[in-house]
Amino acid sequence: EFLEGEMPSSRPLREDDPSLLVLLIDTNPRFWLKQTQLRQRSNHSSSDLQSDSHSENSVFISVMDQIFVFLNSFLLLNRGNHLAVIASHPRESRYLFPVEREGYSALSHKESDFSFASMNGRIMSELELLLNSSVEEKSECRNSRFAGSLSLALCHINRMIFENPNIHPRILSLCASEDLSSEYISVMNCIFSAQKQNVPLDVCVLIDTDSLFMQQAAHLTNGIYWKPIRFEHLLQDFLTIFLPDLYSRKHLILPKSEQIDFRATCFCHRKVIDVGFVCPVCLSIFCDELTKCRTCGTRMPKKRIRRESKPIIKFENT
């Protein structure tokens with residue numbers, strides 16, 4: 001038993017403790033369409049794989065098939081494990097599983113009518129609804145809103161910990177979008193909240209460039225930052241890197257980031273900077289000195305503190 005006011009996740013880990021996995025799937029249509037086009041071009045140039053380009057969403061479907069195997073394996077590890085899947089979209093963040101409007105609660109994994117096929121079908125049906133609605137409503141944003149999906153994940157974890165104090169939560173983010181400088185404050189607040197609740201944030205980056213937000217998130221929350229080489233081998237990465245629970249990770253040699261970039265991104269040009277100007281009200285970061293903050297409209301102070309050229313303490317020879 002834990003003391004009142006103590007986070008349950010801060011208790012010592014035991015082998016039979018259940019786990020809660022919250023999976024964040026980046027459903028950025030631009031990224032998946034680009035990957036599908038690249039695969040179709042490679043299949044068209046290769047005569048051996050020419051017959052494989054039969055579906056427009058073949059890359060996304062193949063990745064989802066590997067994700068389903070990973071999710072089913074996670075639920076089979078412990079009968080007390082619980083699962084939640086959230087879609088991170090450029091327009092919104094939506095629950096894919098569990099879906100509350102269908103009367104399905106997060107604690108119904110033990111029901112007799114539960115099956116992996118029904119869970120996989122429910123997730124795919126919610127994905128179809130989300131993608132069809134995004135086609136009808138065009139959005140100007142090209143990247144997914146990670147701050148919203150991460151906030152939903154933390155709220156879901158907080159509710160599950162209240163219902164089951166013995167559970168150990170963790171978050172796995174499948175990132176397929178670049179960082180949004182406008183979400184820097186929101187993402188960092190979520191990262192600090194996850195760090196305070198001892199919730200590891202694992203990251204699987206699918207884009208070519210590294211994500212500064214995800215690197216800092218994995219480092220601050222003691223999570224795993226991994227960048228796979230090929231999409232065809234995602235299932236192997238999921239089962240060997242992200243499937244072990246927090247207790248088993250102590251006995252495994254898992255990949256760690258050797259170099260972590262802690263630099264911030266400016267809000268004006270979305271560039272990584274070493275030295276910048278910070279708004280004292282909203283903490284927005286700019287690479288150039290401004291008279292007025294572009295985010296909140298606060299007037300920036302004109303006078304800056306200058307370093308003293310003379311030493312404050314003088315040492316005399318004795």
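Trainee: Where does Ile229 lie?

Mentor: Ile229 sits in the loop between strand S6 (225-226) and helix H7 (234-242). Helices are DSSP runs of H or I with at least four residues, strands are runs of E with at least two, and both are numbered from the N terminus. This is a predicted model, where local features need pLDDT of at least 70, side-chain atom pairs count only at pLDDT 80 or more, and totals for chains, interfaces and linings use all residues. Residues are numbered from 1 along each chain as its sequence is written, and side-chain values use heavy atoms, with hydrogens and water left out.

Trainee: Is Ile229 buried or exposed?

Mentor: Buried means under 20% relative accessible area, exposed means over 50%, and partly exposed is in between, with a 1.4 Å probe and protein chains only. Ile229 counts as exposed because its relative accessibility is 83%. Asp202, in strand S5 (residues 201-205), is buried, with a relative accessible area of 1%. In the protein chain, buried residues make up 46% of the 318 residues.

Trainee: Which residues does Asp202 touch, not counting residues up to four places away in sequence?

Mentor: Contact means heavy atoms within 4.5 Å. By that rule, and leaving out residues up to four places away in sequence, Asp202 touches Arg170, Ile171, Leu172, Ser173, Gly223, Ile224, Phe242 and Arg249.

Trainee: At what angle do the axes of H5 and H6 cross?

Mentor: Axes are lines fitted to C-alpha atoms, for helices over the stretch in contact, and angles run from 0 to 180 degrees between N-to-C directions. For helix H5 (residues 184-196) and helix H6 (residues 212-220), the axes come within 9 Å and cross at roughly 15°. H5 is therefore roughly parallel to H6; angles under 35 degrees count as roughly parallel, over 145 as roughly antiparallel, 65 to 115 as roughly perpendicular and the rest as oblique. The H5 and H6 crossing is right-handed. A crossing is right-handed if the near helix is turned clockwise from the far one by less than a right angle, and left-handed if anticlockwise.

Trainee: Which residues of H5 and H6 make the contact?

Mentor: H5 supplies Tyr184, Val187, Met188, Ile191, Phe192 and Gln195, while H6 supplies Phe213, Gln216, Ala217 and Leu220. The contact of H5 with H6 has eight nonpolar, two polar and no charged residues. Here Ala, Val, Leu, Ile, Met, Phe, Trp, Tyr, Cys and Pro count as nonpolar, Asp, Glu, Lys and Arg as charged, and the others, Gly among them, as polar.

Trainee: How many of the nine residues of H6 are buried?

Mentor: Seven of the nine are buried, and H6 is mostly covered.

Trainee: At what angle do H2 and H7 pack?

Mentor: Helix H2 (residues 58-77) packs against H7 at about 25°, with the axes 9 Å apart. That makes H2 roughly parallel to H7. The contact comes from Val63, Gln66, Ile67, Val69, Phe70 and Ser73 of H2 and Leu234, Leu235, Phe238, Leu239 and Phe242 of H7.

Trainee: What phi does Asn198 have?

Mentor: Most residues other than glycine have a negative phi, and most peptide bonds are trans. Asn198 is not a glycine, yet has a positive phi of about 60°. Asn198 lies in the loop between H5 and S5. Asn222 also has a positive phi of about 60°, in the loop between H6 and S6. As for the peptide bond, the one from Phe97 to Pro98 is cis, with omega near -5°.
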